[in-house]
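The structure comes first, and the notes follow by topic.

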Amino acid sequence: MANAHQKFKKIAIIHQSTTESTQIADQLRTYFSPVDPENSDLIVVIGGDGSLLHALHNYMGLNIPFYGINSGSVGFLMNNFHIENFPSNIQQAKSTNLYPLKMKAINTKGQEFEALALNEVSIFRQTNQAAKFRIKVDAIERMEELIADGALVSTPAGSSAYNLSAGGAIVPLGSNVLCLTPISPFRPRRWHGAILPADVVIEFEIFESDKRPVSAVADFNEFTHIERVIIRSSKDKAIKLLFDQNHTFEDRMIKEQFSY
């Protein structure tokens, strides 16, 4: 493992408790002695996209790169693992910057909540009644009233996740845009969303919030009984994610658009 130590001298391992993840972690430990994430210069996450997302949230403040190894079912953000190629893969891996979204949510009592999202910020109806809300972009009303199960704002990194399932577009990571996508829209039924510049401020203003309660979710942080949500991109915090040079994030985004 000498080559790997040329670039990354202190490597941390975070893994799921599944059999496959544990086996991969054990193989890596035969090549190097892991350190705590706080003392590392690279964090290796073994699992699926969810595992990586949790690790990014927990350790993004360390300002060190992450390398994901897939042992889950999807692993869109993860790399394939072959122990014999691992040293050269991390040496030659290409770095991609992820920029989170900042969400501020205000509930019906006037309480404010803030959270970061790497994939998307979503609003959802909490009961059987559809949500009603207004959409503003840079304080300008762009949708007077949308009746739907909810809506989401996605980063380019998250555009292939829930955004895609909701009918949104996949956008390249370097496109400097955000995806605004309705979730099961009822009125206007034919509105499919918008692609917006990354530097805009998007606001959801909830109507009839007592009768039609709405929750706001930033990745996996959820806040209930919300009446206003403000979302903006955080360009001052870049999170570095490493991908194998022959299977970059951009390659995966292109491939996903031709999947059927």
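Glu 120 has Ser 154 in S9 as its bridge partner. The model is predicted: local features need pLDDT of at least 70 and side-chain atom pairs count only at pLDDT 80 or more, while totals for chains, interfaces and linings use all residues. Residues are numbered from 1 along each chain as its sequence is written, and side-chain values use heavy atoms, with hydrogens and water left out. Helices (H or I, at least four residues) and strands (E, at least two) are DSSP runs, numbered from the N terminus; two strands pair if DSSP finds at least two bridges between them.

**Strand S7 and its partners**
- Strand S7 (residues 120–125) runs antiparallel to strand S9 (residues 140–154), and five bridges join them.
- S7 also pairs with strand S13 (residues 214–218), again antiparallel and over five bridges; here Ser 122 stands opposite Val 217.

**Nonpolar cores**
- A nonpolar core is a set of buried Ala, Val, Leu, Ile, Met, Phe, Trp, Tyr and Cys residues joined through side-chain atoms within 4.5 Å; buried means under 20% relative accessible area (1.4 Å probe, protein chains only).
- The largest core has 31 residues, and those with the most contacts inside it include Val 121, Ile 123, Phe 133 and Phe 204.
- S9 gives the most to this core, with five residues.
- Contacts of Ile 123 (heavy atoms within 4.5 Å), leaving aside neighbours within four places in sequence, include Phe 133, Ala 151, Phe 204, Val 214 and Val 229.
- A second, separate core of 23 residues includes Leu 77, Ala 157, Ile 239 and Leu 241.

**Arg 212**
- Arg 212 lies in the loop between strand S12 (201–207) and S13.
- Arg 212 counts as buried because its relative accessibility is 11%.
- A polar atom of the Arg 212 side chain is 2.9 Å from the backbone oxygen of Ala 130.
- Beyond four places in sequence, Arg 212 touches Gln 129, Ala 130, Lys 132, Ile 206 and Phe 207.

**The open sheet**
- Five strands form an open sheet of mixed pairing, in the order S1-S2-S3-S16-S4.
- S1 and strand S4 (94–98) are the edge strands, each pairing on one side only.
- S1 and S2 pair in the parallel sense over five bridges, with His 15 partnered by Ile 46 in S2.

**Helix H2**
- Ser 21, Ile 24, Ala 25 and Leu 28 are the buried residues of helix H2 (residues 19–29).
- Seen down the axis of H2, these buried residues fall within an arc of 100 degrees (taken from the directions from the helix axis to the C-beta atoms), so they line one face of the helix.
- Their cover includes strand S1 (11–15), strand S2 (42–47), strand S3 (66–70) and helix H4 (86–92).

Note on methods. Buried < 20%, exposed > 50% of the residue type's maximum accessible area, 1.4 Å probe, protein only. Polar contact = N/O pair within 3.5 Å; in protein donor to acceptor, adjacent residues only side chain to side chain.
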